[in-house]
Structure formats: C-alpha cells, structure tokens
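Dear colleague,

Please find below the structure that I am handing over to you. My findings follow directly after it.

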Amino acid sequence: MNEEMHKYFTPPDLKAAKKRGKEEVSVLEFDRIPEEMRRIGEGKKYLIKTYGCQMNVHDSETIAGILEQMGYEGTEEEEEASIILINTCAIRENAEDKVYGEIGRLKTLKTEKPELLLGMCGCMSQEESVVNRILTKHQHVDLIFGTHNIHRLPHLLFEALMGKEMVVEVWSKEGDIVENLPKVREDGLKAWVNIMYGCDKFCTYCIVPYTRGKERSRRPEDVLAEIRELARKGYQEVTLLGQNVNAYGKDLTDREYRFGDLMDDVRQIGIPRVRFTTSHPRDFDDHLIEVLAKKGNLVEHIHLPAQSGNSDILKIMARKYTREQYMELVRKIKKAIPDVVLTTDIIVGYPGETEEQFQDTLSLMEEVEYDSAFTFIYSPREGTPAARMKDDVPMKVKKERLQRLNQLQDAISRKKNEALRGQILEVLVEGESKKDPDVLSGRTRTNKLVNFRGPKHLIGQFAHVRIDDPKTWTLSGTLAGDERIGQVGS
Ligand code: SF4
C-alpha cells in the first residue's frame, strides 16, 4: 500500500471501535457535482452489482443517483457498461467468496476493454485484509471506496479516470451524516429511507459495527421531509431503515426524540404503508408499542430478531436480553396489537450450543409462533469476537438442527397462513408474478406475498383479494371485486 493510500485507509479496530461515541456528529449537505465532473458520464453507462442487505440496496440507489448526476445511464448489460461497481457484503465468508469470484471473472472483460472502470465498495471495503488482497491479487480493480465515503464518489471517480493508480479511499472514521444525496429508487411504489447509520450493539458474531461505524441518527426533520416528498411523488410504501432502528434518537444531543416519536410523526404523513427494519429487542420501548398500536399507515408486522431462545447463548452472543425479557416484549406487543405478525432471525450451532440450548430455541419458536423466520447456520466471521471462540458444534449437527428448526417453522407458517383462508386482504400490487405473467403479485400489510389473477392496471395500486389457497410461503387468492375492507391503510 503506498503512502497516499495509507492516508485514507485505517483498518477496523475493535478497541478503537468500542471507545468511540464521544465524537461530534456533523450533518453535511451533499454539494452539487463540481462543474468539471458533471458531464463525465455523458453517453456512457454504469452497472452496479449489489450484494447483501437492504442498507446496501439503498446505498446502491444513492450511488446510482450520483452517477446519473454525472451524466451516466444505468444498464443491466456488462458489455455495455463503462463503469461496473460491486457493492459488497461482509456478513458471511461465503458472501465474500462470491465477490472475489465476481472480481476474478470480470478480469477477462477488463482485459478486453481496458477503459472499463471496475470498482468495489460496501462493507468488504472496510476490511483491511480485503483491501490488501485486492491490492496484491486483483490489480485490475480501479477503485475501492468505503461505506462512509459514498458522497465522495464524484471526486474518486474523477481521480480514477484521470490516473493510472488504483484509487483507494476508505475511512474508518465515521460520524458524519450527509444529507441531500441524490437517489435513483428501484421503483415508484416502495422506497427505503435511512433514519440512522451504524450500530453500537456489538453482537459477538457481527461485523457491522466495524464496517458501518457507530450509531448516528439523521435529524427527524430531514427524515420527515424525505418521506413527505416520497408521498408527494406517489410512493405507496416506505421502509425506515437502520441496523438497529430502535436506537434511533439516542444520540441526538439537542432533543429528547426517539423512534416512537418518529413513528408517531410519520403516521401523520399521507403515505399508505410504513414499515421499519431492523429492530433490536433491547431498545424496543413501551412508547413505540403504544404508537404502533395506533396503526393507520403503521403496518402490523414487526421483524424482531431473536437469534436464540436460550439465555446463556444470548449472553455469549452479547444480545443484551434474556429469553424472558424477549418473551415479555412479545407479550406486550401481542397485547397491544393482537393481529401483529412477528418474524425473526435465528442462528443455530453457535459456539458451545448444546442440544438442550437448541431445544430452547425450538420452544421459543413454538411459543412466539412467528409467521416466518430467516434461519442460519453459525459460521465464524473473521474480525468478530465469536471468531476467537471454539466453533465446536460439528457441521453435521448444525445442519440437522437447522433442518429441525425449519421443519417446525414451516408447520407454524402453514398454520398461520391457513388461518387466512377466506379472508379478504388488502394487497399492494407490485407486478406480474415471476412464474406466470398472467398472475399478479403483491404484498399484504403484514408483508405476505399474494398471487391472484387480475387486470394489469392494478399494478401499483391496492386491491382486495380473497385468500382461497394458502400455502406455507405464499398465499393465492381471487380478486374480491368491489368488496371493501375499509379504507386503504386502516
Ligand atoms: S444489532 Fe447486532 S446483529 Fe444487528 S447490526 Fe448490530 S451488532 Fe450486528
């Protein structure tokens, strides 16, 4: 790594990361693209390949927004692209392997077309080992930038286009919030809105607090203005986005304003559906439950990652709640919102997990009765505290536990969906079904996928669908004509 690169690149550091929190958060405004960079992309196309979570998907929308302001147009065809950016995910080793595979594969295209600019961004860029590997083994990459540097893209791109050296700019220092970044949103129907960045929870298996930095909340007025603007443009649904949305507002020093307050204000904006992700049970407070119970545009679906049903494993995971506290939260939520749909994330085979401890996870699943769950086999993630623990549950056992867990969840999902038979549900029609263009598909307020036959003009609108064939993962139904189930969003 040359000196210039050293200037920008500081590797993630657990000790430094844990000490953080005292620095001021500055709110910056994204400048207009400098005059000399505004037409760089004219007549050229870009392609962004996005891996990982919604945060990355939304970052790609911002990157696309910046590139389009520089004159570039989007494309899905690698051969047409002048710029290919890979927005990476660091959550699991195999996610990283896929990215290396992709970078290796693109070398042929780069050799055929040396003017192609190949860049990498996202969470992997925040890791020292990754940057070193790219610098030594994948020198056909032109540009690497981190999750805190997206707003610097015009300058970095300019530098990469003008120079011959690989441009690397990764800041481990975070703390700024950049407003007014342009965005190209995927569709005109549903939008993601960042409400905060980073995470201070430091769950022992997770790399996010290192790659995304400390928790920092956008100012409520900026979030609300963005949602009002989306409503004005005709968006039907927004999802408020953060690694731990329930911690929203904790870091705002000039006011007492938390996630419940934000949801209460968003409730009063004329956008039909509002979701949020992801929730950490620890910060889920009573005020938020009270606000969510008012419903309206706040949908009755909560994704509440449990990760395990055993308090000792939760402790090793540093989740900062016990099984009992989690169940108490579930009880409160169900009492306030009786028709709530709960979904979750579960990890099996954590270091030291015994059969009895795993059975606690099974029993938690039965007790809560989630509508669905994302289930994972634990695999160590380099750079996290758990990676230093003994990964002592044999893979065969992990796989068998995952299978048992999935079987149980499938049975619960099936039962939950069966209970919807004959009901008329409000569906936001998103488009044609992937399998059959004559079938439309959309989502309920509780985020369940519904397929039904109906006229194409319903795409982008709300329809009422009678569920007559519930399955484990999806619901099939028939259009319920003029039948009304109340006002949209009620
Ligand atoms: S709450 Fe835990 S799992 Fe979620 S992003 Fe933060 S550290 Fe990772």
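According to the UniProt annotation in an unreviewed entry, the domain "Radical SAM core" covers residues 185-415; UniProt positions are given in the numbering used here, feature names are shortened, and annotations may be inferred rather than shown by experiment. Residues are numbered from 1 along each chain as its sequence is written. This is a predicted model, in which local features need pLDDT of at least 70, side-chain atom pairs count only at pLDDT 80 or more, and totals for chains, interfaces and linings use all residues.

Over residues 185-415, 38% of the chain is helix and 16% is strand, with the end C-alpha atoms 36 Å apart. Helices (H or I, at least four residues) and strands (E, at least two) are DSSP runs, numbered from the N terminus.

An open sheet is formed by three strands in the order 9-12-13, with parallel pairing; two strands pair if DSSP finds at least two bridges between them. Strand 9 (190-194) and strand 13 (273-277) are at the edges and have a single partner strand each, so one side of each lacks a neighbour in the sheet. Five bridges join strand 9 to strand 12 (residues 237-241) in the parallel sense, and Ala191 stands opposite Val238 in strand 12.

The ligand is surrounded by Cys199, Lys201, Phe202, Cys203, Cys206, Val208, Pro209, Gln243, Asn244 and His280.

Yours sincerely

Terms used:
A residue is near a molecule or strand if its C-beta atom, placed from the backbone, lies within 6 Å of it.
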